[in-house]
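Subject: Structure for you to look at

Hello,

Please find the structure below. My notes follow it.

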Amino acid sequence: MPDNNIVLEMKGISKSFPGVKALSNVDFQLRKGEIHTLMGQNGAGKSTLIKVLTGVYEIDEGTILLSGKEVKITSTHDAQENGISTVYQEVNLCPNLTVAENIYIGREPMKRGHIDWNVMNKNAEKLLEERLNLKIDVKRLLSGYSVAIQQMVAIARAVDISNGILILDEPTSSLDSNEVKQLFKVMRKLKAEGMSMVFVTHFMDQVYEISDRITVLRNGNFIGTYEAEKLPQMDLISKMIGKNYEEMQKANDVTRKYNIKDKAEALAKAKGFGRKGTIEPFDIDVRKGEVLGLAGLLGSGRTECARLLFGIDRSDHGTVTINGKEYSYIYPQKAIKEGLGFCPEDRKIEGIVGQLTIRENIVLALQSNKGIFKYIPMKKQQEIAQKYIELLNIKTPSTEQRIDNLSGGNQQKVILGRWLATNPQLLILDEPTRGIDIGAKDEIKRLVRELAKDGMTIIFISSELQEMVSCCDRVLVLRDRKIIGELVGEEIQESTILQTIAEGGMLA
Ligand SMILES: Nc1ncnc2c1ncn2[C@@H]1O[C@H](COP(=O)(O)OP(=O)(O)OP(=O)(O)O)[C@@H](O)[C@H]1O
Ligand SMILES: [Mg+2]
């Protein structure tokens with residue numbers, strides 16, 4: 001029986017890149033007013049499926065039907081003409097334009113041959129307020145706003161262009177829980193208005209909270225489409241990973257072993273270290289061989305604290321002592337020389353160099369540490385790259401692949417590889433599992449424990465409390481840009497971390 005409610009149908013879609021079959025014979029259907037989530041491990045083909053739908057790539061085989069009629073989508077323009085609009089995994093707005101300009105770029109309202117700024121700003125304000133419940137100054141530069149707001153702006157633009165189909169590729173990966181709630185409110189509202197949405201996320205809770213149906217891809221293959229209500233989480237995971245429950249249990253068995261060395265020497269010691277307007281002066285001892293967690297809500301100062309220790313932002317208060325040498329401030333080159341590594345949370349801004357290969361991206365920090373005159377021979381570079389491709393299970397046909405051809409999660413792993421390659425004494429990991437699939441998350445947690453066991457000291461930041469619990473020997477809790485508590489060993493539990501945040505600390 002034909003289903004009249006199907007607004008989009010993709011049949012037998014295949015797409016290859018040199019050395020990679022990104023999609024093979026994939027089917028996908030989208031109903032009117034449904035939220036349909038695409039799930040699969042890093043590199044499974046989710047973003048590629050979206051990109052063929054939006055004309056970024058042409059399909060090799062298959063057909064696309066909109067409301068029952070076959071269409072050819074060969075450019076992003078075609079997609080827009082057909083009312084399909086997208087918020088990509090990587091926010092690609094222009095930070096140095098205003099909010100309003102970003103929303104209307106390429107389709108500015110005109111008056112007598114000139115852009116009508118008044119109308120543009122008014123429209124932008126109205127759009128954000130009516131459809132996203134967001135009241136902000138649209139005349140301000142986009143760069144002045146948080147990633148969360150920037151994401152909302154991208155969504156506003158997409159909603160405005162869209163004519164019934166909206167695609168959201170990991171829009172929540174950098175939002176905090178309140179922001180996710182707000183986004184979901186917007187999605188539900190759009191859904192009630194009849195909008196059909198394709199959603200991609202790696203967060204299990206979110207999938208079940210918002211999805212009507214779920215389609216699973218694995219290795220470019222279509223595994224199935226399911227009603228979310230009828231698909232238990234365990235089944236979903238095993239379909240994504242391709243292993244059954246027992247096998248997964250085994251893989252999940254990360255033995256929790258504390259590694260507390262109370263008397264261990266401090267590798268780094270911050271005293272009254274701080275920066276005005278960024279983070280209040282703090283004292284931290286980072287002890288050799290421990291995994292020290294920085295916990296707190298988004299914006300609590302975790303990243304700021306890490307950036308200060310690595311010298312990305314310059315301290316204006318106190319001192320930091322590393323390997324017995326005292327500094328009143330530090331800068332990244334110096335930090336690297338002292339054996340520090342910093343794997344940032346935003347791979348797009350501070351991490352990847354898109355035009356370079358995986359190999360070049362991996363050896364980047366190592367090479368800059370050695371200085372340009374001690375060139376690492378090509379063969380050695382390849383060995384190093386290959387080692388981390390294997391260790392981190394990076395999905396790629398070769399070390400010579402350009403990094404921007406990798407899936408989002410695999411790019412994140414390359415950045416982690418870059419810092420592991422420098423073999424730092426102290427490695428700062430800021431949200432290392434963001435955008436990484438559920439199987440790889442476990443691998444990274446295990447890796448963190450193993451590195452610590454082998455003597456590396458790690459500062460670990462994650463918004464997922466469960467990760468803090470399974471990785472850390474000690475946790476410092478931050479709130480409002482201040483360290484307000486410390487939890488050690490068995491004290492580290494999701495409930496105690498939350499309680500400390502809620503109560504505003506126990507040191508006080
Ligand atoms: N332009 C490209 N050139 C070469 N290979 C590509 C290109 N785009 C994607 N690929 C490859 O196709 C496969 C599927 O990638 P895709 O980005 O669709 O994964 P994904 O499911 O979105 O993963 P993630 O969860 O990490 O974002 C990966 O192996 C990726 O490396
Ligand atoms: Mg992707």
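This is a predicted model, in which local features need pLDDT of at least 70 and side-chain atom pairs count only at pLDDT 80 or more, while totals for chains, interfaces and linings use all residues. Residues are numbered from 1 along each chain as its sequence is written, chains are lettered from A and ligands numbered from 1 in the order written, and side-chain values use heavy atoms, without hydrogens and water.

Ser 315 sits in the loop between helix H10 (302–310) and strand S16 (317–322); helices (H or I, at least four residues) and strands (E, at least two) are DSSP runs numbered from the N terminus. Ser 315 counts as buried because its relative accessible area is 8% (buried: under 20%, 1.4 Å probe, protein chains only). Its side chain reaches the backbone oxygen of Ser 328 at 2.8 Å. Beyond four places in sequence, the contacts of Ser 315 (heavy atoms within 4.5 Å) include Phe 273, Leu 308 and Tyr 329.

Phe 273 belongs to strand S13 (residues 266–275) and is buried, at 0% relative accessibility.

Turning to ligand 1, a polar side-chain atom of Lys 46 lies 2.8 Å from one of its oxygen atoms, and one of Tyr 57 lies 3.0 Å from a nitrogen atom of ligand 1. Taken alone, ligand 1 exposes 630 Å², of which the protein buries 94% (Shrake-Rupley method, 1.4 Å probe). Domain 1 (6–252) and domain 3 (346–423) both give residues to the shell, so ligand 1 lies between them; the domain bounds come from an automatic or database assignment.

Regards

How values were computed. Buried means under 20% relative accessible area, exposed over 50%, partly exposed in between (1.4 Å probe, protein chains only). A polar contact is a pair of N or O atoms within 3.5 Å; within protein, one must be able to donate a hydrogen and the other to accept it, and residues adjacent in sequence count only if both atoms are side-chain atoms.
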